[in-house]
Every structure is written in structure tokens, then in C-alpha cells.
Amino acid sequence: MTHANDARISTSPVTVEYEHLDGGAKVAVVSLNRPAKLNGLTMAMLRGLDDAAKTLRRDRDLRGVILAGEGASFCAGLDFGSVLKKPMDIVRAFAPNPLAGDGTNLFQRVCWEWRRLPVPVIAVVQGHCYGGGVQLALGADFRVTAADARWSVLEAKWGLIPDMSGARTLADHVGAEQARWLTMTGRELSGAEAVEVGLATEAVDSLDDANVRAREMLVELFGRSPDQLASTKALFNRAWRSPRATFRAERFEQAKLLLSENAARAREAALKKRPPNFVRRGTWAFRG
């Protein structure tokens, strides 16, 4: 497995760098870049994350994304001291976008957009993962955490609740009962404990190990059709509704896949017992 940095398309406080893994598969590393403040979220960072997700969504050659935090921490949550300096910015960011089908506002969108991105997204977590940081990590498909990282739904400390899509993503990963407990108490967990309750996917010894493991996971996923991965994400984003709506989503996604070039290539490769050679991810039909 090899990788090399190619380009930076965004500047501080959110950066986007490209790597190539497994013989050329294109991966974007989206990093929070405010290490001196434990990557506490500012309005500029929220806008940077939103812009990054929009840019990456249009890239059909992209095969995966890693969400990361520069320095000793992934993200210590919203930086209230910075954000409260401009109350009207909060008001504007809190208002939902009437043109968005999912009705998200900016705070929700910067976490939920990673679920809607049609490629696998893996968060690499170290140090502090608090409040909005937890919700950002839960927006990824998978989370690799250092065992000694600290996780907390810290909104409880401020008398608040998660409002960056966390109500949905917490319940998705840990179940409604555990989600209520973590939200009510703000209990702090280690990375290892986060895996035990379902917040994180895997715990490893160090940040270096987490970076290696995240890339190993992406390489494993690159053996599957990029269209199948996109449809899997789209399906599960809509699955927790009524049975009728869930079954309709299943039919819709499967019908698209049955007609796709990459599904034909996957079938041919399986029959001939050789690695598949996929084309680029499908077009608009595979939106999340």
C-alpha cells in the first residue's frame, strides 16, 4: 500500500489533501486545522467543512475520505467563545435551508453531509472528541480511535442537547437507550470504551496506528464496486423509516445497481475469479 500527498484545495482552518492508495485510488484527507485550540469549531471551520463536502461530492474519481484533526486532538466541540462573538452568524447558520431535501441547517449539514457523500468516510480520532466533535465523527461511516482518546456528548455540561445531526447518528450507532444516557449525563469515555458502546468502530494504540488502520480499511473497501458502496450509504441513510419506505428504498437502490456497469464488472470478475476492474462511480443516480 502506497500513498502520496498531491494537492491542497482548501486553506486553514480546514484543509483538504489528496493521497493515492492501493495502486492509485484517490482519497481525500479532510483535516481540522486549529490544533492550538484542540480544533474547537468556529464558524469559519463549519463553512470550511461544508465547502469541502460540496467539492468532494462532485468528484467522481474520489474513492474515499478520511476525517482528521491536526495536533493532539480530533475536535473538542464548538468553540463558544469564538462563535458567540457574532450572534447573527449563529442565527443564520441555525436556520434550515429550505432548498435542502433533508431540511438541514449549517450545523447539521457539516456532520450529515459525510453520510450523504457517495464514498466511504472514515474518521481518525485522537485526544479530545467532545460535543460537536462526536457528532462530526459519527457523520463518518466508520471511526478508528486511539484507545486513550476521550469521547463525550459534552452538550450536557452546558445544559444543551446534540443539534448537529447527533440525535439521529447517536441512536444509529448506540441505540436509543444508550444515546439517551450519554446525552443526559455527558459521561466521558475512553476510545476503548467508545468501541464497547458502539460510538467507535475500532480502537488502536496510537494516532499513527489509527491512520494506518483507516487506510487499510479503505483499501479493503476499494475491492468493491464504487457504485455498490454509494448505494449502500444511500440505502442506510433512508432505512430507519417505515417498512414501506425502507423496502421502497431497497428496490430503488438495487434496480440502479442491476443496471450499472460496475455491477456487471463485479459479476464477471467473480465468475472468472479475478480482481474486478471498476469504472468511475455512477452519475447523479447514486446520490445519498
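These exercises, with worked solutions, concern a predicted model.

**Exercise 1. Overall make-up**

Task: State how many helices and strands the protein has, and what share of its residues count as buried.

Solution. 
- Step 1. Take the secondary structure. The protein has 12 helices and nine strands.
- Step 2. Turn to burial. Of the 288 residues, 49% count as buried.
- Step 3. The accessible surface comes to about 13,900 Å². Carbon and sulfur atoms hold 56% of that surface.
- Step 4. Look at contact range. Consider contacts with a separation of 6 or more; residues 24 or more positions apart account for 65% of them.

**Exercise 2. An enclosed helix**

Task: Decide how many residues of helix 5 are buried.

Solution. 
- Step 1. List the buried residues of helix 5. They are Gly132, Gly133, Val134, Gln135, Leu136, Ala137, Leu138 and Gly139.
- Step 2. Eight of the eight residues are buried, so helix 5 is largely enclosed by the rest of the structure.

**Exercise 3. Salt bridges inside a helix**

Task: For the pairs Lys54 with Asp50 and Glu113 with Arg116, find the closest N and O distance.

Solution. 
- Step 1. Side chains of opposite charge can pair when their charged atoms come close.
- Step 2. Take Lys54 and Asp50. Their closest N and O atoms are 3.3 Å apart. Both residues lie in helix 1, residues 43-57, four residues apart, about one turn of the helix.
- Step 3. Take Glu113 and Arg116. Their closest N and O atoms are 2.6 Å apart. They are three residues apart in helix 4, residues 106-116, so about one helical turn separates them.
- Step 4. Explain the spacing. An α-helix has 3.6 residues a turn, so residues three or four places apart point the same way.
- Step 5. Classify exposure. Buried means under 20% relative accessible area.

**Exercise 4. A salt bridge across the sequence**

Task: Which parts of the structure does the pair Asp141 and Lys233 tie together?

Solution. 
- Step 1. Confirm the pair. The side chains of Asp141 and Lys233 meet in a salt bridge, 2.8 Å from N to O.
- Step 2. Locate the partners. Asp141 lies in the loop between helix 5 and strand 6, and Lys233 in helix 10 (residues 226-237), so the pair ties together parts that are 92 residues apart in sequence.
- Step 3. Check burial. Asp141 is buried at 17% relative accessible area. Lys233 is buried at 9%.
- Step 4. Salt bridges that share partners join Asp50, Lys54 and Arg109 into one network.
- Step 5. The structure holds 18 salt bridges.

**Exercise 5. Surface patches**

Task: Identify the residues of the negative patch and of the nonpolar patch on the surface.

Solution. 
- Step 1. Start with charge. Asp148, Asp205, Asp208 and Asp209 gather in a patch of negative charge.
- Step 2. Asp148 is found in the loop between strand 6 (142-146) and strand 7 (150-152). Its relative accessibility is 57%, so Asp148 counts as exposed.
- Step 3. Go to the nonpolar patch. Phe80, Leu84, Trp158 and Leu160 make a patch of about 400 Å².
- Step 4. Leu84 is exposed, with 52% relative accessible area.

**Exercise 6. Positive phi**

Task: Are Ser165 and Lys273, both with positive phi, buried or exposed?

Solution. 
- Step 1. Recall the background. Most residues other than glycine have a negative phi.
- Step 2. Take Ser165. Its phi is about 80 degrees. Ser165 sits in the loop between strand 7 and helix 6. At 14% relative accessibility, Ser165 counts as buried.
- Step 3. Take Lys273. Its phi is near 55 degrees. Lys273 lies in the segment after helix 12 (261-272). With a relative accessible area of 78%, Lys273 is exposed.

Definitions and conventions. Residues numbered from 1 in each chain as written. Predicted model: local features only at pLDDT ≥ 70, side-chain atom pairs only at ≥ 80, totals over all residues. Heavy atoms only, no water. Patch = residues over 30% accessible without salt bridge, like charges linked within 9 Å, V, L, I, M, F, W, Y side chains within 5 Å. Areas by Shrake-Rupley, 256 points an atom, 1.4 Å probe, with all protein chains shown as cover. Salt bridge = Lys/Arg side-chain N within 4 Å of Asp/Glu carboxyl O. Lys, Arg positive; Asp, Glu negative; His and termini not counted. Charge placed at Lys NZ, Arg CZ, Asp CG, Glu CD. Helix = DSSP H or I, 4+ residues; strand = E, 2+ residues; numbered from the N terminus. Buried < 20%, exposed > 50% of the residue type's maximum accessible area, 1.4 Å probe, protein only. Contact = heavy atoms within 4.5 Å.
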